[in-house]
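User: I have a model open and would like to go through some of its local features. Please take the questions one at a time.

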Amino acid sequence: MTLHLLPQFLDIEASSLGRDSYPIEIAWSYPNGEVEAHLIDPYHILDWTDWDPAAQAVHGLSRRYLSEHGADPKLVAGRIQAVLAGQPVYSDAPDYDQGWLETLFGDALGVRSPVRLHPIWALWPDARGERLHELYDAAWADVEGQPHRAGIDVRHRLAWYLRAKAEFGGVR
């Protein structure tokens, strides 16, 4: 039996889209398709005060909920470093997500992120972008749960990859 490894995807939910935003939830996938997700308690870092009620309305996470259920950012950064450092990892919004990774690692551990994100579209550089976006939108039908939660969004990227792989052929 041939093992088909999947690309690793990452998604981050944040306090806002502003300059002072920070990550509040992060999830990533493994090559076997499993997903790991962590809520992040913003109260562990004193400078993490930015909060946009409009962003909360989208992801549904309050600062109070995060303080009760979130992990210390140092622990989350350490976990990411242990499992994703040096691996190719893909994001549908690599500029934003890379910025939030840098914020997490910089504020929690005082270092740069050991993870470099690549755009998901780079998995099929020769495919028609329009068709990739159609498959991206259609993949929501394959995922249960509310969009804009990191774990659900990563599952969506995996579903999108499988749809695109069926149409364009495998990258890995």
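Predicted model: local features only at pLDDT ≥ 70, side-chain atom pairs only at ≥ 80, totals over all residues.

User: Which side chain of opposite charge is nearest to D153?
Analyst: D153 is found in helix 6, residues 150-168. It is buried and has no salt bridge. The nearest side chain of opposite charge is 4.0 Å away, and it belongs to R157.

User: Which backbone nitrogen does the side chain of D153 reach?
Analyst: Leaving aside neighbours within four places in sequence, D153 is in contact with several residues, among them D11, E13 and W140. P147 and H148 are also in contact with D153. At 3.0 Å, the side chain of D153 reaches the backbone nitrogen of H148.

User: What is the phi of H148?
Analyst: H148 is found in the loop between helix 5 (129-138) and helix 6. Most residues other than glycine have a negative phi. H148 is not a glycine, although its phi is positive, at about 75°.

User: Is H148 buried, partly exposed or exposed?
Analyst: The cut-offs are under 20% for buried and over 50% for exposed, with partly exposed in between. The relative accessible area of H148 is 40%, so H148 is partly exposed.

User: Which residue in the hairpin of strand 2 and strand 3 takes a positive phi?
Analyst: Strand 2 (residues 23-29) and strand 3 (residues 35-39) run antiparallel and are joined by five bridges. A27 stands opposite A37 in strand 3. The hairpin has five residues between the strands, and the residue with a positive phi, near 95°, is G33.

User: How many residues apart in sequence are the parts tied together by W121 and W160?
Analyst: A search of the whole structure finds ten aromatic pairs. The rings of W121 and W160 have centres 5.5 Å apart and planes at 80°, so this pair is edge-to-face. W121 lies in the loop between strand 5 (117-119) and helix 5, and W160 lies in helix 6, so the parts tied together are apart in sequence by 39 residues.

User: What is the angle between the planes of W124 and F168?
Analyst: W124 lies in the loop between strand 5 and helix 5 and F168 in helix 6, so the pair ties together parts 44 residues apart in sequence. Ring pairs link both residues into a cluster that includes F9, Y90 and Y136. The W124 and F168 pair is tilted, with a centre to centre distance of 6.4 Å and an angle between the planes of 45°.

Notes:
Residues numbered from 1 in each chain as written. Heavy atoms only, no water. Helix = DSSP H or I, 4+ residues; strand = E, 2+ residues; numbered from the N terminus. Buried < 20%, exposed > 50% of the residue type's maximum accessible area, 1.4 Å probe, protein only. Lys, Arg positive; Asp, Glu negative; His and termini not counted. Polar contact = N/O pair within 3.5 Å; in protein donor to acceptor, adjacent residues only side chain to side chain. Contact = heavy atoms within 4.5 Å. Pairing = 2+ DSSP bridges. Phe/Tyr/Trp six-rings, centres within 6.5 Å; stacked < 30°, edge-to-face > 60°.
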